[in-house]
Amino acid sequence: MAGTGEFAEILDGDVYKYYSDGEWKKSSSGKSVAIVNPTTRKTQYKVQACTQEEVNKVMELAKTAQKAWAKTPLWKRAELLHKAAAILKMHKDPIAECLVKEIAKPAKDAVTEVVRSGDLVSYTAEEGVRILGEGKFLVSDSFPGNERTKYCLTSKIPLGVVLAIPPFNYPVNLAVSKIGPALIAGNSLVLKPPTQGAVSCLHMVHCFHLAGFPKGLINCVTGKGSEIGDFLTMHPGVNCISFTGGDTGVAISKKAGMIPLQMELGGKDACIVLEDADLDLVAANIIKGGFSYSGQRCTAIKVVLVMESVADSLVEKVKARVAKLRIGPPEDDCDITPVVTESSANFIEGLVMDAKEKGATFCQEYKREGNLIWPLLLDNVRPDMRIAWEEPFGPVLPVIRINSVEEGIHHCNASNFGLQGCVFTKDINKAILISDSMETGTVQINSAPARGPDHFPFQGLKDSGIGSQGITNSINMMVKVKSTVINLPTPSYTMGSSFRSKI
């Protein structure tokens, strides 16, 4: 169980500790932050409310630890990451329990997230050894006007201290997607978990602790964003920020200063359905893409743009599948579980009511109990409705009927988001042309949007983010290039030949 056995030391009474300098600690503030169970809407856990002074201390420790870690051989870094991955997978059940109670993730999906996270850490260790174990050797005479009198050796070196901020919906997986690359690249790490998902993250961090990483290298601070949020992101000790979340990322990017940023800030992923599409395949993917984890995914299908001639048929097929979704608590492995907070549920309801007032067709009756919202398909949605543009992050999916492919592409590109999109057609040539026209970081052909497999590049355009994720891209983003130039007194076209000729 969570907070027991190997995890007993991370809990003090009913409040979980924060992690710094290789130890689990209580905050000097004497305060805690409550984490509300989305299903019961009662306090489930409490975490420390860390102070700005404690953040300063963590940053100081991380900076010191990083300098020693940068001198640790790559194979040793990888060895520790493999060990952490194994421990993480070994303890999948207590961590999954936290995910169920903190963010109402269905039980089976919660276990899958932890196992996937372990696999991601192992893959990162292997990929890091490959790409960081290579450098470049350049010679000067490849550029006009130069003789071969300069040898340039380039290598990849760590940035320093990486601040990692994952979101509530995949708090473990999206935390390790930042932690693994940072560590293999030789950086130290400060993790600020989301409030909902913090205890899952603390259990995950303890797995890294058990693996035996050096003190001060990995740190995890919890607390109120209003007290330590800006203080963390603007801290002079931070050399890189990797953030996944919402609008907060825009504010962070404006305040962070001249440091590398990796940000994924949400999307309004469009699903364009052409007349020749396999509608059964489309319907299955709309259910998977639009309603899994109650639509609380950045890569969820957020709007269906379907050709008018096949719209009636598609809507009926989707309605039939929606009727089969199981609604209820995450412990019962239901398809639709409560959304993460009451404020989230209220926001979703606001979008639904706006669509109702403006004449959208409700394919199901709107129903809500607390944070639990029943799946809802909205047909005949028009561009003047908020749901056509805003990201609900819930089990509500709008259908907009279009009369041409160009109309669908125009709606997709008119969004301020540009994370992912998908197109369904049997004509691969047409699919490629549509993909080229869609202003999104990724386009899926004949499948719903998805983040992964985790080694695939993952990026957004426009307000959906900065930079690219995926294991390889994340490693490369968390290093900088260092060049050493050897200047020779005379040109040398075979290394050492000038020296030998004088012997």
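Modeller: Let us begin with accessibility: a residue is buried under 20% relative accessible area, exposed over 50%, and partly exposed in between. The model before us is predicted. In it, Lys319 has a relative accessible area of 28% and is therefore partly exposed.

Biologist: Is Glu316 buried or partly exposed, and how is Glu316 related to Lys319?

Modeller: Glu316 is partly exposed, at 48% relative accessible area. The side chains of Glu316 and Lys319 meet in a salt bridge, with 3.5 Å from N to O. Both belong to helix α10, where being 3 residues apart separates them by about one helical turn.

Biologist: How many salt bridges does the model contain?

Modeller: A salt bridge requires a side-chain nitrogen of Lys or Arg within 4 Å of a carboxyl oxygen of Asp or Glu. By this rule there are 22 salt bridges. One of them joins Asp312 and Arg401, whose closest N and O atoms are 2.8 Å apart. Asp312 lies in helix α10 (residues 308-322) and Arg401 in strand β20, so this pair ties together parts that are 89 residues apart in sequence. Arg401 is buried, at 16% relative accessibility. Glu308, Asp312, Asp379 and Arg401 are linked in a network of salt bridges.

Biologist: Which accessibility classes do Asp354 and Lys358 fall into?

Modeller: Asp354 is buried, at 10% relative accessibility, whereas Lys358, at 30%, is partly exposed. These two residues form a salt bridge as well, with the closest N and O atoms 2.9 Å apart.

Biologist: Let us turn to sheets. What is the order of the strands in the open sheet of 7 strands?

Modeller: Strands of a sheet pair through backbone hydrogen bonds, in either a parallel or an antiparallel sense. Here the order is β16-β19-β20-β15-β14-β22-β23, and the pairing is mixed. β16 (361-362) and β23 (442-445) stand at the edges with a single partner strand each, so one side of each has no neighbour in the sheet. β23 pairs in the parallel sense with β22 (residues 420-424) over 4 bridges, and Val423 stands opposite Ile445 in β23.

Biologist: Which strands pair with β20?

Modeller: Strand β15 (residues 301-307) pairs with β20 in the parallel sense over 4 bridges, and Met307 stands opposite Ile402. Strand β19 (residues 376-379) also runs parallel to β20, joined by 3 bridges; there, Leu376 has Val396 as its bridge partner.

Biologist: Where does UniProt place the feature "active site"?

Modeller: The unreviewed UniProt entry places that feature at Glu264. An annotation of this kind may be inferred rather than shown by experiment. Glu264 lies in strand β13 (residues 261-264) and counts as buried, at 3% relative accessibility. Leaving aside residues up to four places away in sequence, Glu264 touches several residues, including Phe243, Cys298, Leu419, Phe458 and Gln469.

Biologist: Finally, which residues make the nonpolar surface patch?

Modeller: Phe137, Leu153 and Ile486 make this patch of about 250 Å². Ile486 is found in strand β28 (residues 479-487) and is partly exposed, with a relative accessible area of 37%.

Technical notes:
Residues numbered from 1 in each chain as written. Predicted model: local features only at pLDDT ≥ 70, side-chain atom pairs only at ≥ 80, totals over all residues. Heavy atoms only, no water. Helix = DSSP H or I, 4+ residues; strand = E, 2+ residues; numbered from the N terminus. Buried < 20%, exposed > 50% of the residue type's maximum accessible area, 1.4 Å probe, protein only. Contact = heavy atoms within 4.5 Å. Patch = residues over 30% accessible without salt bridge, like charges linked within 9 Å, V, L, I, M, F, W, Y side chains within 5 Å. Areas by Shrake-Rupley, 256 points an atom, 1.4 Å probe, with all protein chains shown as cover. Pairing = 2+ DSSP bridges.
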